[in-house]
Every structure is written in C-alpha cells, then in structure tokens.
Amino acid sequence: MNAREIGKSGLNYGIITLFVIFTAFPFYWMLIATFKTSNDLYKPANNPFIFNQPPILDNIKLLFNQTNYASFVANTLIVGVAVVLITVLMAVPAAYSLARLAGPWGEKLGIAMFMVYLIPPTLLFIPMSRVVTVLGLRDSIGSQIVIYPTFTVPFCTWLLMGFMKSIPPDVEEQAMVDGYSRLGAIVRVTLPLALPGILTIVVFAFTLTMHEFIYALAFVTASEHKVISTGVTTELIRGDVFFWQAIMAAGIIVAVPVAIVYNLFLDRFIAGFTLGAVKG
Amino acid sequence: VTASTTVQTQSAAEVPHRYWLDNERLLGAVMLFPAGIYIIVLVGVPFVLAILFAFSDVTVGSPEIKGLTLETFQRVLSDPNFQRALQNNFLFTFLSQLITIVLANILAQALARNFRGKWLVRFLILLPWATPIAIGTIGWLWMLDSVYSPIDWIFRNIGLLKQPGVLGSVGLLKNSTNMYWLGEPVLATMSVVLVHVWRMLPMSTVIIMAGLTSISPDIRDAVQVDGVGWWREWWEVTLPLLRPILLVALLFGIIFTFTDMTVVYVLTRGGPPPNTTQVLASWAFIKGIQGGNLSEGAATVIFMLPVLLGVSLAMLRVARQSEVR
C-alpha cells in the first residue's frame, strides 16, 4: 500500500466515523439511558454518556411488568407478518401480469399503481374510519391487517413489476416449449428468478408497516391491541410525564434485531432494488 | 445453434392453449384481479369519499353529506395556519432532501470500498431505518430537550454554551446554559429537518449503493487508468450513470417527508410559538380528527396531491429517459 492509498483509506474511515456518529449517536444514548437510574438521568451536570450511578434493570422490568410492551411487540410481529403475506400474495401475480400479460396497458396501469401509493393516509383515514367501523374491526389488530395493504400493495406491485421486466421472457418461453403450461413456467422458472425482488418487497412491506403511526393511532385505543409505534408513545407518556428510560429500552429492543436482519439481507435487497426501481 | 433457438422461440408462441389459463389476456386479468379489486374497494371508495368530504361540510357531529360547497376550501385557504403549514411542507421537504441526497451520496461512495468492520458500520447506519419513526423521534425529543439535552452537555463542555455555576463562563454560540432547540422557530425548524435527514439517510444510502453496484467495474477501471481525478470521475461518469437511481431515491425521500406527520407531531407539536412548524398532515390531523372537522381535514390534505402527482410523474419520466440513453 502506498502513501496515497493509506491517505485515501484514512479519509474513508474518517467520513464513515462521522456518519456512524450521526446515525447511531441517539442509539448509544438510548442504550445507556435504558439502564440509568432517574437520579443519574435528571441531573443536567452529569455526563449523559456514562453511568454516574451503577446501572439498574428496573426500567426494563417496568416495561415488561407494568405495561403491555410484550403484547405491543407480539402485535407488531403479527400485523407485520400478516401484511407481508397478503402483500406478497396480491403483489406478485399483479406485478407479473402488468409486466408480461397486460400489453401496452401494463405500463400505464403500473404508473397508476404508483399514483395510488401517493394518496396520503392522512386523507384516507377519515373515510377509512367508517370502513373499519362497518367491518367491526375497531380496536383490533384486524383493522391494521385489512388496511395496511392499501399502501404496501400498490408500492410493492410497482417495484416488483420493474423487477419482473428485467427477467428475460425467453427462459419462460423455453420452459413452455419443454412442456410446462404458462402457470407452470411462472412457478418453476420465473418465481425463483424473481426471489431478490420478492425479498425487496418483503423488506419494504414490513418497514412501512412497522413505521405506520396514523391509522394505528386512530383505530386502536385498547391497550392490549396496540402496536409498538402507538403503544410506546401513548402508554409510556402519561400527560407530561415521560418514562424516558423505558421508552428508550422499548426502542432499542426493536431497532437492534430489525437492523441485524436488514443487514443480513442487504446485498440481496440491493440487487432486487436496482432492477425493480430503475426498470419500473 | 442460433437457427434452432429461433425456431424454438417461434414455436413457443404457437403452443396451443391447452388450458384456459394459457390464454394470456385471461391469465393477466385473473392475476391482476385480487390486487385490483382490493385497491378499488379500500382505496378508491375512501378516496372518493374524502374528496366529497372536502367539498361538503361534514363534522363528527353531523356526518351526513348534505350538499356540495366550495366554502370549506375558502375557509381552509384563508387560514394563516394553513398557509404556514403549506410553506413548511415545501421548506422541510426541500431542505431535508437536499441534505439527505448529498450526504447519502458521500456515504454510499464510502461504503462501496472494502474495509474492516464494514458489517458493523452497515448495522449502525441502518439503525434509524429499523426503528419506528415515532420512537426514533421521541429519542430525539430527549436529545433536543430544553434542560437535559446531551448535545447541550457537549456544547457546555467545549465552551459553546455557558457552564452554570462557573464564574465568568461565557457561551461562544449562545450566552445561555441551553440551546432550547425546540424553543424558537428557527432552531425548531432545523431540528425537524435534522430528524428527517436522520431517518431518511439509511434508505437513500442503500438505494444509491444499489445504483453504484450496477455501474460496471470496467468503466471505473477504464476511467482510473485514464488518470482522471475523483471529482471529474464522479461528475462526468458516476453521476450520469447514477441519475435514474438518484431520482428514485429522491422521489421516495420527497414522498415520505412531504406526507409525514409523525416527526412534527411528536417533536414540536407544531410550535413554537403555536402552529409555526405545523405541516399539512399534522394540521389536517389536528383539524380533522382532534377538532372533529372532517371536511376541513380532508380539504387540507388534498393540497398535497397535485404536488405529489406532479413531482412523481416528472421524476419517473426523467428517470426512464436517462435509462434509455
């Protein structure tokens, strides 16, 4: 390695360190705060980044024993998995249809799908609240499972359509020459090739679901049916009283495993996204 | 070999329709049906209803649509809080996306190199994306607290703010013990933009990384052999090749920021002073849901639609054009 390359990689490390501080700094503080005593936390002169008093587990105990946090996590997972399943079941055939079978209409319908995604939830949830009442889903996670695909399906169909277009039709036609029906060829040839794209929409559908706040806030008020994003913000903030350490614990407990999973799939996600978004 | 493949491809088109599902149009329609019907029922119908709400005067108290009127729009438009929220929507989106796209470019380039500890770095950078926005924003609420802000603590200790109880201590940045990040309009605006950048950065970076991996290494090698400086390489080679995916990253960023209500709702509650950092989504929530005025809530949000539609169509078109070239 010559001096110039060492300089370059040094600069690279420097840049990356600055970015890591920006993105992860709040999480470092959240992690420390999780185990802090209130005496330590509420003293402006104390160094916020170290334990000025011995760490304690009381805040995590509060989270699990005195709130429905365990249900919030379970509900988030149930809603996430159900919405991802519904999204994949609807978006995969729709995306294939738009990419291959709909002819000149495919392109226009694909753009229309994206436009549907642009209608903001803040506009839809006023009339949607009537739909939820009519379906008898108020105060249940069923409301989220029924409603969330309204934003995941259009978005994921559009993204996957682009990905499907990048798969050469020849491989499918070859399979049909070999005696498969169109449907057989799709299942045996096209779907395996579309896996990175499907993985991408799984990640996006789950992320959009986890971040959603407005519908969850408006439609579910019973504590045991809340998800993390609304449960933590409504039950651990009582009036002006914030249970800061418990809130931070609640955040860290979700963020770390999700970030690990994202990181594991990142390369395949990148492959799926490149083809999906650019061709779409 | 070429001749025989041509023959096979031709015969593929002539495979007789053995099952009804081999009829392409029918199969296409069947596959599109579940998503299509779902969207028409659960997006189409509520969308039409929302438009009707905006042209009527329904409230929670009297939910019947009695007649169509333009009065709601006139009322909404003449409200200074609405005008401020509309301006803020543009301001917050423009500032945060400008910063995000520049930072995400730098970060994606840095992450494209191989280095020790890359897995850990990627994990740390993905964290904001893996946290529900509402909770991430509450984390920032403490970061920017008027008394306990850890940022203020650092500022006090490096002399940018006044140390309490220290004789003759003067803050270089502000002659006070705290910044009060969420206590006045300019700093509050900066704080909202900062949180938007923080939460959008991971996704934009990942999207741009996707674009970088699609640039063939041969092109980079050829450019580097020619001895072109990194700035010219980036400006004349990488940027044009990256343009479609940059536009997609920007498009997602704009959509997520322009329609977001959570950051403002959690961080500033629209203040300070009241309603100076409000955005359309939070203003609609306050009017339509907390205030029970459904039609004004709907009319407020409708102003997002032309912007979102226009920006998306324009950007998708440009992205497609640069791909063809």
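Here is a short chat about ring pairs and cavities in this predicted model.

Residues count from 1 along each chain as written, while chains are lettered from A and ligands numbered from 1 in the order written. In this predicted model local features need pLDDT of at least 70, side-chain atom pairs count only at pLDDT 80 or more, and totals for chains, interfaces and linings use all residues, with side-chain values taken from heavy atoms, leaving out hydrogens and water.

Me: Why is the aromatic pair of Phe27(A) and Trp198(B) called stacked?
Reply: Rings of Phe, Tyr and Trp (its six-membered ring) pair if their centres lie within 6.5 Å; planes under 30 degrees apart count as stacked, over 60 as edge-to-face and the rest as tilted. Here the centres are 5.7 Å apart and the planes 25° apart, so the pair is stacked.

Me: What makes this a pair that joins two chains?
Reply: Phe27(A) lies in helix 1 (residues 3-34) of chain A and Trp198(B) in helix 8 (residues 185-213) of chain B, so two chains are joined. Helices here are DSSP runs (H or I, at least four residues), numbered from the N terminus.

Me: Is Phe27(A) buried or exposed, and how do you know?
Reply: Buried means under 20% relative accessible area, exposed over 50%, partly exposed in between (1.4 Å probe, protein chains only). Phe27(A) has 3%, so it's buried. Trp198(B) is buried too, with 3%.

Me: How do you know that the charged end of Arg269(B) sits over the ring of Tyr265(B)?
Reply: The rule wants NZ of Lys or CZ of Arg within 6 Å of the ring centre and within 35 degrees of the ring normal. The charged end of Arg269(B) is 4.5 Å from the centre of the Tyr265(B) ring and counts as sitting over it.

Me: Which residues lie closest to the centre of the largest cavity?
Reply: Of its 25 lining residues, the closest are Tyr117(A), Leu208(A), Ile133(B), Arg199(B) and Phe256(B). A cavity is a set of points on a 1 Å grid over the protein atoms alone where a 1.4 Å probe fits but cannot get out, and lining residues have an atom within 4 Å of a point.

Me: Which helix gives the most to that lining?
Reply: Helix 11 of chain A, with four residues.

Methods: On a 1 Å grid over the protein atoms alone, a cavity is a set of points where a 1.4 Å probe fits but cannot get out, and a pocket is an open set with protein on both sides within 12 Å along at least five of seven lines; lining residues have an atom within 4 Å of a point.
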